[in-house]
Amino acid sequence: MSVVRQNALVVAALAWGAAAVVYVAGEALAAAAYTPAYSYAENYISDLGVPACGIVFAGRAVCSPLHAVMNGDFVLQGVLFFVGGLAAARALSGVGRWPLAACAALNAIGISLVGLFPETSGVAGVHGLGAFLAIVFGNATGFVSAFAFRELRLPTAHRVASLALPVLGLAALAVLIAAREHGPLLVPDGVWERASVYTITAWEAVTAVFLLRRPATARGNDGVIPPA
């Protein structure tokens, strides 16, 4: 693999790793400042981005003093996720690089809409559309990577994680959608929402580690499997 392509993989790893850290840290900061006490099980993630206090939204008392941090976190997450996808596509040679980049771009658009149009913004459907795009295509990026990254000779564990995590995430999203129609299913909605989102964060972190720890023997010009 050429130096340019190898450097692109490093950029992808750093961008996805940073996205995971930034997201978790930003959410924790906003949750710590939330009043009344924020519940990771009962509250939605988007509650942390609501800019007004003293209101009740969908039956939940909402007040997030650090809403700007959370909304900025959403947008930054989108930028980093897209940079990672674009850099990875630059490093790959198979046709799988294009679906990977497209899924990353749609995730970035979605999560940016979540940050720019909070759930109480009043802009019909935009926040919900953004959340749907972010969750579906964030998980889809991981799934596609299981095939697009074959030429990189990453350990089997990465392929397994890239297939399993998105399946779990999308299944949790399906349950969340059903729960919003019929009422809580087994656990509060916030649990299902986080299950659908944290699979993306977990994939980012796992992929960053595997790319950065990629064996030197797989980095040489002769260490690339021709794309299927």
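Predicted model: local features only at pLDDT ≥ 70, side-chain atom pairs only at ≥ 80, totals over all residues.
**Helix packing**

| Helix pair | Crossing angle | Axis separation | Handedness |
|---|---|---|---|
| α1 and α2 | roughly 165° | within 8 Å | left-handed |
| α3 and α4 | about 155° | 7 Å | left-handed |
| α4 and α5 | roughly 155° | within 7 Å | left-handed |

The axes of α1 and α2 cross at roughly 165°. Angles over 145 degrees count as roughly antiparallel, and α1 is therefore roughly antiparallel to α2. By class, the contact of α1 with α2 has 23 nonpolar, four polar and four charged residues.

α3 packs against α4 at an angle of about 155°, which makes α3 roughly antiparallel to α4. The contact of α3 with α4 is made up of 16 nonpolar, seven polar and one charged residues.

For α4 and α5, the axes come within 7 Å and cross at roughly 155°, so α4 is roughly antiparallel to α5. On the α4 side, the contact is made by Phe132, Ile135, Val136, Asn139, Gly142, Phe143, Ser145, Ala146 and Phe147. On the α5 side, the contact residues are His158, Arg159, Ser162, Leu163, Leu165, Pro166, Val167, Gly169, Leu170 and Leu173. The residues of the contact of α4 with α5 divide into 12 nonpolar, six polar and one charged.

**Backbone features in loops**

Two loop residues have backbone geometry to note. The peptide bond that runs from Thr35 to Pro36 is cis, and its omega is near -10°. Pro36 belongs to the loop between α1 (3–33) and β1 (55–57). Arg153 is not a glycine, yet its phi is positive, at about 60°.

**The largest pocket**

The largest pocket holds about 710 Å³ of space. Its lining has 34 residues, and those closest to the pocket centre are Ser46, His127, Ala131, Arg180 and Glu193. The elements that each give two or more residues to this lining are α2 (67–91), α3 (97–116), α4 (126–148), α5 (156–182) and α6 (189–212). The largest share comes from α4, with seven residues. By class, the lining of the largest pocket divides into 19 nonpolar, nine polar and six charged residues.

α3, α4 and α5 are among the elements that give two or more residues to the lining of the largest pocket; α3 is roughly antiparallel to α4, and α4 is roughly antiparallel to α5. α2, which is also among those lining elements, packs with α1, their axes coming within 8 Å.

How values were computed: Residues numbered from 1 in each chain as written. Heavy atoms only, no water. 1 Å grid on protein atoms, 1.4 Å probe; cavity = no way out; pocket = protein on both sides within 12 Å on 5 of 7 lines; lining within 4 Å. Points joined across faces, edges and corners; volume = space filled by probe spheres on them. Helix = DSSP H or I, 4+ residues; strand = E, 2+ residues; numbered from the N terminus. Nonpolar A, V, L, I, M, F, W, Y, C, P; charged D, E, K, R; others polar. Axes fitted to C-alpha atoms, helices over the stretch in contact; angles between N-to-C directions. Parallel < 35°, antiparallel > 145°, perpendicular 65-115°, else oblique. Left-handed = near helix turned anticlockwise from the far one by under 90°. Contact = heavy atoms within 4.5 Å.
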